There are 2 protein chains.
Amino acid sequence: MVTINDCGIMEDYYNHFPLSDYFGFDIHPYISIIQFDSEESLLQEGRIPHFLYYLIEGRAKLFLSQGNGRISLINFLNAPCFIGEMELLGAQEVANGVTAITPCTCYAIRVNECKDKILNDTKFLRYLCLFLSQKAIGNTYNYSKNQSYPLEVRLANFILITSCNRVYCERHTEVSEFLGVTYRHLLYVLANFVKSGYLKKTKSGYYIQDLDALRKIAESNQ
Amino acid sequence: MVTINDCGIMEDYYNHFPLSDYFGFDIHPYISIIQFDSEESLLQEGRIPHFLYYLIEGRAKLFLSQGNGRISLINFLNAPCFIGEMELLGAQEVANGVTAITPCTCYAIRVNECKDKILNDTKFLRYLCLFLSQKAIGNTYNYSKNQSYPLEVRLANFILITSCNRVYCERHTEVSEFLGVTYRHLLYVLANFVKSGYLKKTKSGYYIQDLDALRKIAESNQ
DNA sequence: AGTCTGATATGAGAAATCTCATATTGCTTT
DNA sequence: AAAGCAATATGAGATTTCTCATATCAGACT
């Protein structure tokens, strides 16, 4: 974790990733820029957060751990987005866990210094409502899917969405958490896809050999 | 579905269920009062809603149906709460389905007549953010639980929460949807509880015979 | 190269959950 | 009361998913 204080660099970020769309007042005095390495925590589960983050570059994951040691990956967080907004509002005191997947660069807003301004800023509040709604809708859609279809269908979908140039190469541990099944079971279903000739294991990932078959499986859904 | 226009009755409702906590301007000119019977739709899935509702009495359920005919019960909505707020913001165009469980009385706000006022009302926006956050947190928690524990554990919990005077008497169809399992499986696990002597089937519902045992099962969670 | 270690993968059997066919129950209607 | 019908309940076997033990692999260290 590195905090950037150099004014020149900060100016540069402000120009490339402006905040004026979200705030009706000048938020710059309350901002630091923080960079996280991959695997670092942005918010620690159960702790009271210090900042409202705005993720400008990178990808993180939001998770919730259960008493039995199991971890639910609730969502992937992709730039640009706010992180820690629920805690800001007081909807929950302590944070859910958020961990960087790739290196992440964030504006860290010192809310304790400008809470009043923020909570009276129509522009920000309106945007936040929209953001919260969209997040909720996405989550809900995801939950509902997870419960309604066997892994085969959901995985086919997931592969189609996340593959790049016909190559699927996500980390199995992450995916199994996101799809809400055990690592073992994910591998099992994936192996089935290979056995059926839909995928082919290569050094750089799984190559999609039979796109149509995969689509057909995914569609037993729609 | 009945719309109440009688000014006297409306005044009465306003006095008992005031809206001044949520709005910074006078919202009354834009309100009707609507009553729904149980099983009636407040929002029809896939349709564009006309109103923002504020549920003042009653209990409803929010669901989402899947291509394979399966229905996910996303949440129970208990008074007091807003319904249709995401659609108001434009976060989604068409509504999720909302159906009354008990008879429901709502303030129906004609948003097309006061959208500007509403979307510039700090008081309302702040409250809405909070409301959305809490809803999201609840959903997430529920979702995470649903995936992390077998039905036995979740059902024990659910029974403890929803039972009244040691009697559990929810509708199985609703519960199975909410807990994300088939009706059959719910009955199966419930029958096990009876066989183990934790519950006893009576005319008025299932009587909790062994509270401790049920708690112990539910706690294999926490 | 050898070995340690953590991450990743596989095997096998058990448990959870689903599907579908068939009963049973409780209302209406006649 | 009989018949019809929808809601509710049960049985049995198939699938999906899990658990846990073991195996393989890749990089770090010696």
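**Figure 1. Leu199(A) has Ile208(A) as its bridge partner in strand β12(A).** The model shown is predicted; local features require pLDDT of at least 70, side-chain atom pairs count only at pLDDT 80 or more, and totals for chains, interfaces and linings use all residues. Residues are numbered from 1 along each chain as its sequence is written, chains are lettered from A and ligands numbered from 1 in the order in which they are written, and side-chain values use heavy atoms, with hydrogens and water left out. Strand β11(A) and strand β12 (residues 205-208) of chain A run antiparallel and are joined by four bridges. Both belong to an open sheet of three strands, ordered β10-β12-β11 in chain A, with antiparallel pairing. At its edges stand β10 (167-168) and β11 (199-202) of chain A, each of which pairs on one side only. Two strands are taken to pair if DSSP finds at least two bridges between them. Strands (E, at least two residues) and helices (H or I, at least four residues) are DSSP runs, numbered from the N terminus.

**Figure 2. Strands β5 and β6 of chain A form an antiparallel pair.** Seven bridges connect β5 (residues 59-65) with β6(A). Ser65(A) is placed opposite Ile71(A) of β6(A). Strand β6 (residues 71-78) of chain A is mostly covered, with six of its eight residues buried. Buried denotes a relative accessible area under 20%, exposed one over 50%, and partly exposed the range in between (1.4 Å probe, protein chains only). In a regular strand, side chains alternate between the two faces of the sheet.

**Figure 3. Chain B superposes on chain A by a rotation of 180°.** The same surface serves both copies, as 100% of the contact residues of chain B recur in chain A. Contact means heavy atoms within 4.5 Å. The superposition is by least squares on the C-alpha atoms of residues with pLDDT of at least 70 in both copies.

**Figure 4. DNA strand C is surrounded by 12 residues.** The closest are His172(A), Tyr183(A), Arg184(A), Thr182(B) and His185(B). Of the atoms of DNA strand C that come within 4 Å of the protein, sugar and phosphate account for 51%. A residue is near a strand if one of its heavy atoms lies within 4 Å of it. A polar side-chain atom of Tyr183(A) is found 2.8 Å from a phosphate oxygen of DNA strand C. By class, the surface comprises four nonpolar, four polar and four charged residues. Ala, Val, Leu, Ile, Met, Phe, Trp, Tyr, Cys and Pro count as nonpolar, Asp, Glu, Lys and Arg as charged, and the others, Gly among them, as polar.

**Figure 5. DNA strand D has 13 residues around it.** Thr182(A), His185(A), His172(B), Tyr183(B) and Arg184(B) come nearest. Sugar or phosphate contributes 54% of the atoms of DNA strand D within 4 Å of the protein, and bases contribute the rest. A phosphate oxygen of DNA strand D lies 2.9 Å from a polar side-chain atom of His185(A), and a phosphate oxygen lies 2.7 Å from a side-chain N or O atom of Tyr183(B). Arg184(B) places a polar side-chain atom 2.7 Å from a base nitrogen of DNA strand D. The largest share of the surface near DNA strand D, three residues, comes from α7(B). This surface has five nonpolar, four polar and four charged residues.

**Figure 6. His172(A) lies in helix α6 of chain A.** With a relative accessibility of 18%, His172(A) counts as buried. Neighbours within four places in sequence aside, His172(A) contacts Tyr183(A), Leu186(A), Leu187(A), Leu190(A) and Tyr206(A).

**Figure 7. Helix α6(B) is largely enclosed by the rest of the structure, because six of its eight residues are buried.** The buried residues are His172(B), Glu174(B), Val175(B), Ser176(B), Phe178(B) and Leu179(B). Gly180(B) follows α6(B) and has a positive phi, near 75°.

Note on methods:
A polar contact is a pair of N or O atoms within 3.5 Å; within protein, one must be able to donate a hydrogen and the other to accept it, and residues adjacent in sequence count only if both atoms are side-chain atoms.
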